[in-house]
Every structure is written in C-alpha cells, then in structure tokens.
Amino acid sequence: MRRFAAVGVVASLLLGLAACGERPQVIEYKQGTYQGKPFTQPYQNAPYNGDKAAWERAMSQRAQGQNEYNRVK
Amino acid sequence: MARMKFICDAERCIECNGCVTACKQEHDVPWGVNRRRVVTINDGVPGERSISVACMHCSDAPCMAVCPVDCFYRNEAGVVLHDKDICIGCGYCFYACPFGAPQFPQTGAFGVRGKMDKCTFCAGGPEVPTSDTEFKKYGRNRLAEGKLPACAEMCSTKALLGGDGDVISDIYRNRVVMRAARGTRSGPPWGWDTAYGAAQPVAATTTTPAPGQAPSPAPAPAPATGGKS
C-alpha cells in the first residue's frame with residue numbers, strides 16, 4: 001500500500017515538473033512573408049501624391065468630425 | 001504614424017444596423033457577405049448591449065499567422081489586408097479569427113466557398129488605388145480619398161468610431177470624462193443618462209422623471225476639457 005502511495009507521489013511530482021518544460025503557445029510568424037502583389041500606401045496617389053504628412057493631417061481632422069462635443073461648440 | 005482602429009461604444013449603440021448598411025452600400029458587398037454586423041447581448045432584456053463588429057485589424061493578427069499561402073499584409077496605417085488573387089478560400093482565417101470577420105461568398109451553383117472577403121477599413125487592396133479593379137475585388141478605397149470608413153462616419157449616435165487609434169481614443173476618453181462629470185441620475189444603469197450623461201448635473205436634479213413624463217430640456221453640453229489631446 002505504501003509502495004503505491006510512494007509511486008503516486010513520485011508520479012505527481014514528475015507531472016508537476018512537466019509544466020516547467022512548457023514552451024510559449026503563442027504562434028510566431030515572420031513579418032514580410034506576404035506573397036501577393038505589391039500594394040500602394042493610401043497617400044501615394046492623388047490627391048496626396050506621396051505627401052504622408054498631409055494625409056495624416058487630413059485623417060486626423062476628419063476623425064475629429066466624429067467628436068460631437070466639438071460639433072456643438 | 002497613424003494606426004487605424006475601431007472603437008464601439010456599447011452604451012451608445014442602438015442596434016440600428018446603419019453601419020452594416022453603409023458598408024454594404026459603399027462596397028457593393030454581395031448578398032450573404034457581411035463585412036460588419038451588430039451583435040446584441042441579452043437581446044430583449046432590459047439593459048441589453050449592442051456592439052458593431054468587423055475585422056479589428058489586429059496588431060498580431062491570427063489570420064495572418066495561420067494563412068497557408070501568406071496572402072495577408074499590413075499596410076503602414078496598421079490595416080490588415082489581403083490579396084484575393086493569392087487566397088485559396090481554405091477558411092483557416094475564419095477559424096483563427098476571434099471576431100468571425102472573414103466571410104466567404106457562396107459562388108457557383110453548388111455553393112462552393114469563394115475567396116475570403118473581409119473589412120478593409122475602406123482601404124481597398126493590392127490594386128491600383130481607386131481603380132475599377134480594386135473596387136470590384138475589395139470595395140472602395142476611402143482612405144486614399146482622405147476619408148474614414150463609411151460605417152464609422154455614418155454612425156448616427158457616434159457609437160462606432162474609426163480612425164487613428166490615438167485620435168479616437170482621445171475622443172472616447174473625452175466622452176467618458178463628460179459622462180462622469182454630468183453623472184447619472186438614480187435609475188437603471190442604461191439609457192440616455194448612461195450614454196450621454198444626465199440632462200442636468202446630478203447635484204441639481206436627483207429625481208428621475210416618472211414614466212410618460214417628458215424629461216426637462218437638456219442644456220447644451222459644455223466643451224470637454226479632459227483627454228490628452
């Protein structure tokens with residue numbers, strides 16, 4: 001009986017230690033493995049013609065249109 | 001650099017499906033495909049909450065990780081897009097996505113699963129911007145026109161906000177500060193007061209109008225001073 005208990009204790013210890021060897025489960029993928037056609041950034045064509053700063057300004061201003069507290073001033 | 005995101009304010013969403021309709025109309029999305037939909041929790045129970053869901057353009061997108069043909073990419077604005085010419089319609093992205101964003105049109109007489117279609121944040125796809133080909137495959141490219149997604153801009157209660165994450169989080173933070181400052185009168189934790197703040201400051205009015213009684217006229221809200229702007 002005591003032998004079974006000892007075996008049980010050892011088995012549970014081994015089981016507990018098994019968790020120490022776990023690896024992260026998060027999937028890793030490499031950036032830049034895209035296989036498709038080249039894409040164009042939204043500011044590269046008219047009306048912005050590559051002016052990224054102007055596009056970002058326009059986006060920011062446009063987003064403020066969603067703030068009704070600005071609109072009821 | 002802008003990092004495009006959506007926020008949906010569950011206190012304000014009234015399940016009107018205006019965002020869904022705007023999306024379908026803007027991109028001429030085929031029957032059976034819903035790039036955006038409204039999900040309601042505890043539907044029909046007092047205090048139900050609705051939220052508008054589409055592709056959330058994850059920073060660490062699971063669809064991108066599981067795609068066997070690597071048809072996904074992320075543009076500089078953080079929008080997750082894909083190339084339909086490469087997509088094989090396997091459906092792995094659908095199983096991986098926690099939001100159920102990838103959609104598969106039923107093409108052909110026997111309902112063969114077509115190539116994946118999803119929200120593009122109105123940023124088109126890997127074709128000539130604002131071209132007919134891009135429109136037919138991916139829908140309108142509003143970002144290239146200097147506009148924001150149609151769903152967010154059409155939202156009547158401004159529950160759905162879309163745009164640069166910093167900007168819309170400022171707007172949302174401002175809104176929460178305004179609500180907190182105006183308080184909520186005693187009553188159920190839902191409805192107008194919860195979504196917009198009490199019509200009058202709580203200190204001045206502590207009674208809830210009786211059912212059927214018209215609420216007192218709401219003063220115009222003061223401009224917010226909170227938020228980091």
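**View 1. Chain B as a whole.** Chain B contains seven helices and eight strands. What you're looking at is a predicted model, so let's start with the big picture before zooming in. Chain B has 229 residues, and 36% of them count as buried. Now take the contacts in chain B with a separation of 6 or more: 51% of these come from residues 24 or more positions apart.

**View 2. How confident is the predictor about chain B?** The average pLDDT for chain B is 85, and 83% of the residues score at least 70. Residues 214-229 of chain B are another story, with a pLDDT below 50. Beyond near neighbours in sequence, that stretch still has 24 contacts in the model. For the complex, the predictor reports an ipTM of 0.77 and a pTM of 0.77.

View 3. Zoom in on residues 4-8, which make up strand β1 of chain B. Is this strand mostly covered or mostly uncovered? Mostly covered: four of its five residues are buried. Next, find strand β8 of chain B, residues 160-164, which pairs with β1(B) in the antiparallel sense over five bridges. To follow one bridge by eye, pick B:I7 and look across to its partner in β8(B), B:L161.

**View 4. Where chain B meets chain A.** Here 37 residues of chain B are in contact with 27 residues of chain A. Which elements of chain B give two or more residues to the side that touches chain A? They are α2 (62-66), β4 (72-74), β8 and α6 (165-182) of chain B. The top contributor to this side is α6(B), with five residues. Sorted by type, the residues on the side of chain B that touches chain A come out as 26 nonpolar, four polar and seven charged.

**View 5. A closer look at B:L81.** This residue sits in strand β5 of chain B, residues 80-82. Why does B:L81 count as buried? Because B:L81 has 24 C-beta neighbours inside 10 Å, and 20 or more are needed for that label. Leaving out residues up to four places away in sequence, B:L81 touches B:Y73, B:N75, B:T120, B:A123 and B:G125, plus A:F39 over in chain A.

Key: Residues numbered from 1 in each chain as written. Chains lettered and ligands numbered in written order. Predicted model: local features only at pLDDT ≥ 70, side-chain atom pairs only at ≥ 80, totals over all residues. Buried ≥ 20, exposed ≤ 12 C-beta atoms within 10 Å, placed from the backbone. Pairing = 2+ DSSP bridges. Contact = placed C-beta atoms within 7 Å. pLDDT = per-residue confidence, 0-100. Nonpolar A, V, L, I, M, F, W, Y, C, P; charged D, E, K, R; others polar.
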